[in-house]
Amino acid sequence: MALTESVPTAAPPAHEGILRRQSLRESAARTYARSLPIVPVRARGLTIEGADGRRYLDCLSGAGTLALGHNHPVVLEAIRTVLDSGAPLHILDLATPVKDAFITELFATLPKELAEKGRIQFCGPAGTDAVEAAFTLVRTATGREGLMAFSGAYHGMTAQALAASGGARHTSVVRLPYPYDYRCPFGTGGERGAELAARWTRSLLDDQKSGVPGPAGMILEPVQGEGGVIPAPDSWLRRMRELTAERRIPLIVDEVQTGVGRTGAFWAIEHSGIVPDVLVLSKAIGGSLPLAVIVYREELDAWQPGAHAGTFRGNQLAMAAGRATLAYVRENGLDRRAGELGARMHARLTDLAAAHDCIGDVRGRGLMLGVEIVDREAEADATGARPADPRLAAAVQHACLDRGLIVELGGRHSAVVRLLPPLTITDEQADAILDRLADALMAAVRTTPGPMGPSPTTTRGISP
Ligand code: PMP
């Protein structure tokens with residue numbers, strides 16, 4: 001399918017009608033559709049073509065799902081093979097050759113301790129389901145209830161996953177400081193800030209009067225994604241591993257967004273060398289189709305049959321697409337490629353930041369990059385941070401779309417422009433993305449008043 005072909009059936013009026021009907025019929029809770037008013041009809045690799053005939057470079061990648069971009073040939077081939085084989089598409093949690101091959105491929109990518117002595121539970125079908133399963137698993141294994149999670153985290157929208165996320169409203173989950181270098185809660189930043197965050201965690205665990213009873217588990221993201229692309233220092237991750245291991249608290253690492261090469265290693269835990277007790281996986285492991293699993297140490301396997309059930313845990317097409325994706329990333333060293341290209345893009349974004357006061361921070365790991373947009377007129381605080389400017393960030397996102405670039409906003413104030421391109425992009429495509437972003441940034445700065453100015457009507461933000 002060449003994207004240069006015309007789209008005779010998709011003229012602009014159809015596009016406008018679809019968008020109009022969407023706003024009339026779909027929920028007020030819809031998210032991406034608000035800030036990205038496009039009607040995708042075809043897609044390949046980095047590119048999406050809209051019903052209006054316009055093409056977009058997609059740096060949202062299904063919220064970090066599309067490791068190989070849209071409709072990669074190996075993914076399509078894997079799906080077609082299952083369809084043509086006559087295999088059942090729905091199998092609950094029964095064994096099949098497709099599932100067996102997926103598990104073998106997945107385990108081949110895991111750290112030795114998990115690959116050799118790990119168990120897998122298919123959860124269905126979203127990342128949040130796997131987070132719920134992880135909590136049930138550790139609660140059953142430890143006989144304890146409480147959980148520890150981090151400020152700014154995002155683990156999903158089901159009740160317990162939401163309770164462990166930064167947006168929680170009512171929760172018994174104990175909140176710990178995440179090492180957010182640019183807005184360090186301890187006012188120091190750097191290794192020192194991370195060290196103080198780790199000390200706070202240790203004191204809560206060891207102080208008999210901290211008010212924190214022994215938890216069933218601790219959950220963390222190696223790089224907070226929705227929280228604003230915040231990579232945790234490797235030394236801090238190792239401290240969390242030590243603290244939890246010494247106290248026999250299961251450590252749950254949520255690699256739903258960081259997995260499958262995204263950060264420059266196949267799994268983000270490889271950077272620090274830690275091995276969690278439970279790994280939560282979704283998004284890219286399904287090769288663009290819904291699939292979610294947890295892999296955990298067999299000692300934790302104390303739950304009863306049916307402790308985490310669900311009708312949709314046997315998606316054969318997702319397992320085939322996922323197996324093909326995992327194998328392609330591994331065989332082609334796309335994790336290394338993501339690390340190298342990500343470092344180059346990071347360097348170019350840092351140059352852009354040097355020329356624009358409205359960029360407070362550039363951060364990320366591999367091809368998970370974030371640019372924090374700040375109030376260019378405000379005074380910096382003692383650590384050099386300035387207040388977020390969500391209105392300018394929304395204007396940048398809007399200007400990107402005008403230039404045919406799809407980017408996501410994230411972070412505490414929806415002021416972090418996020419780039420999550422497929423791991424397959426070429427150097428030229430990376431340059432095109434950054435050129436469009438730089439141009440959009442300049443246009444948004446020209447047309448958007450500072451946060452104290454009048455409200456523009458075009459401002460839109462999205463929540464994770
Ligand atoms: N964990 C992380 C780290 C995520 O980024 C997300 C989704 N953005 C989830 C869990 C939830 O996944 P899902 O939306 O598939 O439920």
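The model is a predicted one. Strand β3, residues 55-58, pairs with β15 in the parallel sense, and two bridges join them.

These two strands belong to an open sheet of four strands, whose order is β1-β2-β3-β15 and whose pairing is mixed. At its edges are β1 (40-44) and β15 (405-406), each of which pairs on one side only.

A second open sheet is built from seven strands, in the order β4-β12-β11-β10-β7-β5-β6, and its pairing is also mixed. The edge positions are taken by β4 (118-123) and β6 (174-176); each has a single partner strand, so one side of each has no neighbour in the sheet. From one strand to the next, the twist averages 20°.

Leucine 147 has glycine 217 of β7 as its bridge partner. Helix α5, residues 97-109, packs on the sheet and touches β4, β11 (278-281) and β12 (292-297). The direction of α5 makes about 130° with that of β4.

Helix α9 covers residues 190-206 and helix α10 covers residues 234-246; their axes lie 10 Å apart, at an angle of about 15°. Because angles under 35 degrees count as roughly parallel, α9 is described as roughly parallel to α10. The contact involves Glu191, Ala194, Glu195, Ala197, Ala198, Thr201 and Arg202 on the α9 side, and Ser235, Trp236, Arg239, Met240 and Leu243 on the α10 side. The crossing of α9 and α10 is right-handed.

One residue of this contact can be followed further. Arginine 239 is located in helix α10. Its relative accessible area is 18%, and since buried means under 20%, arginine 239 counts as buried. Apart from neighbours within four places in sequence, arginine 239 is in contact with Glu195, Ala198 and Arg202.

As for disulfides, the structure holds zero.

How values were computed: Residues numbered from 1 in each chain as written. Predicted model: local features only at pLDDT ≥ 70, side-chain atom pairs only at ≥ 80, totals over all residues. Heavy atoms only, no water. Disulfide = S-S within 2.5 Å. Pairing = 2+ DSSP bridges. Axes fitted to C-alpha atoms, helices over the stretch in contact; angles between N-to-C directions. Parallel < 35°, antiparallel > 145°, perpendicular 65-115°, else oblique. Left-handed = near helix turned anticlockwise from the far one by under 90°. Contact = heavy atoms within 4.5 Å. Buried < 20%, exposed > 50% of the residue type's maximum accessible area, 1.4 Å probe, protein only.
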